[in-house]
Amino acid sequence: MTDAPDRDAAPDRDDVPRKGRILVVDDDKAVRVALRVNLKKAGWEVGLATDGEEAVEMLRVHPVDIVLSDVMMPNLPGMQLLSIVRERWPETRVIMMTGHGSVGDAVTAMKAGADDYVIKPVEKEELLIILDKALAEKALRAEVVQLRAEVRDRYGFENLVGVAPAMQDVYELVAAVAESDALVLITGPTGTGKELLAHAIHHNSPRKNAPFVKVNCAALPEGLLESELFGHEKGAFTGAVRQHLGRFEQAEGGTILLDEIGEIPLSTQVKLLRVLQNGEIQRLGSTKTRRVDVRVVAATNRDLRAEVKAGAFREDLYYRLNVFHIPVPPLAGRREDIPLLVDFFIARFAERYKRPVARASAEVLDQLAAHPWPGNVRELEHVIERAVLLCRGEELTRVQLPQLDGDEEIDDGLLPPGTNLPDALADAERRFIVEALKIEKGVQARAARRLGISRSNLNYRISKLDIAIKDVVYE
Ligand SMILES: Nc1ncnc2c1ncn2[C@@H]1O[C@H](COP(=O)(O)OP(=O)(O)OP(=O)(O)O)[C@@H](O)[C@H]1O
Ligand SMILES: [Mg+2]
């Protein structure tokens, strides 16, 4: 076996499983050689450089997962290499090797953006653990970046469907305010897309890479809501066994959505007002105030002005919130968008449930156009989801609209026009089976018992009706 030259960065050919690519930078040949042997044995692909300059040259040709660099080197010293790598190869992890007794270097390196450090002489086991950790972190970061991009796709303007004039006004307001840090109040009936708009504001703002945190103010009783929003110190109240970071602090640098703000109790409204005025929060049980850099978006389906008149909402808080108001119209006020939304939801659910559906029939579109839509876009979404799930052809020929209280239309009861008994029975059968599978989380034996049939009978029906269990369960 011939010993490859010191600077060889060619891929290794041993049978050890590959971990990642690493570049060792050190002016001391003995250190380089020893590290190379040990790291290769542990499954790393290793490149060697004698100083920072050479390292940069090599990185240009061949980027790596991790740079393991000495601090004291001629030409380009370690700290400079660190800042170059941070800037040009932000995904690459950097670990610094510092001399014994120079802990100060380690601290400086970490402050300058190094991911970790080891002290020379390098302890082999310790180094391998640190490297594994760095590689795992790198993968995790890549995943976070990827997820953020996906979220952006999902909540970008492209996903706000609708061209109706009433919605154009909304989009314009969103676009105008997104860039700024202004407090925004979004109002509108349930299911009109208030939360979706709040996401769009965040993802089109300079804060898009920081957290978006949502608090449902209606879901929690008074005491819990305050601790949820502002956090608490250990022992702040019975049951506060450890410190808890509030949602405002979790949203640091990003956006907080105060959903259903109309439901906040009066006593909490006072505290919230103070936060909005000073940008400072106070954890429960603490006397210290902390600055938070958070953009606030509030949403409600209540008429806040009426709440103020009724004494249920503080007037000062109302004025504070009402500076930039985006009212979202009900779906009935933008019926021209219904066909677009139908297409959008058909595409979404056909893909999710692997159904061949591509469009809705003219009759179905007429039916949808005439419906009053008290549940707005959310209701339409559910109607389409259900119809797609039950549809086996390319065209949706039937939708089931929720019965309305005091519906003016003639109620056809069990026998609407176009009733076809075999189809209706198959639909009902499918619905029962899907429901049972959902309740029993896909366990067929239990679903069969619930339906009062044998397991094999259930199996037969599932294949006859072509029900995809996977989709039902992970819906
Ligand atoms: N313009 C739109 N384009 C596409 N999807 C929409 C649109 N508006 C709403 N939706 C969808 O409708 C559903 C309900 O929207 P959202 O949760 O934002 O409503 P909301 O106004 O916050 O309702 P609530 O007051 O009940 O909380 C969501 O699945 C959302 O993605
Ligand atoms: Mg909502």
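Which strands does H7 lie across, and at about what angle does it run to E13?

Tutor: Quick housekeeping: this is a predicted model, so local features need pLDDT of at least 70 and side-chain atom pairs count only at 80 or more, while totals for chains, interfaces and linings use all residues. Residues are numbered from 1 along each chain as its sequence is written, with chains lettered from A and ligands numbered from 1 in the order written.

H7 lies across E6, E7, E10, E13 and E14, at about 165° to E13. (Helices, H or I, have at least four residues and strands, E, at least two, as DSSP runs numbered from the N terminus; axes are fitted to C-alpha atoms, for helices over the stretch in contact, and angles run from 0 to 180 degrees between N-to-C directions.)

Those strands make an open, parallel-paired sheet in the order E7-E10-E13-E6-E14; pairing takes at least two DSSP bridges. E7 (212-216) and E14 (325-327) are the edges, each pairing on one side only. Direction ignored, neighbouring strands are turned by 20° on average. Four bridges join E6 to E13, and Ile-186 partners Ala-299 in E13.

Ile-186 also belongs to the largest nonpolar core, 35 residues, where Ile-186, Ile-256, Leu-258, Val-297 and Ala-298 touch the most other members. H7 (194-203), E6 (184-187), E10 (255-259) and E13 (295-300) are among the elements that each supply at least two core residues. (Core members are buried Ala, Val, Leu, Ile, Met, Phe, Trp, Tyr or Cys joined through C-beta atoms within 7 Å; buried means 20 or more other C-beta atoms within 10 Å, exposed 12 or fewer, partly exposed in between, with C-beta atoms placed from the backbone.)

Beyond neighbours within four places in sequence, Ala-298 is in contact (C-beta atoms within 7 Å) with Leu-185, Leu-258, Ile-261 and Leu-321.

Definitions and conventions: Two residues are in contact if their C-beta atoms, placed from the backbone, lie within 7 Å.
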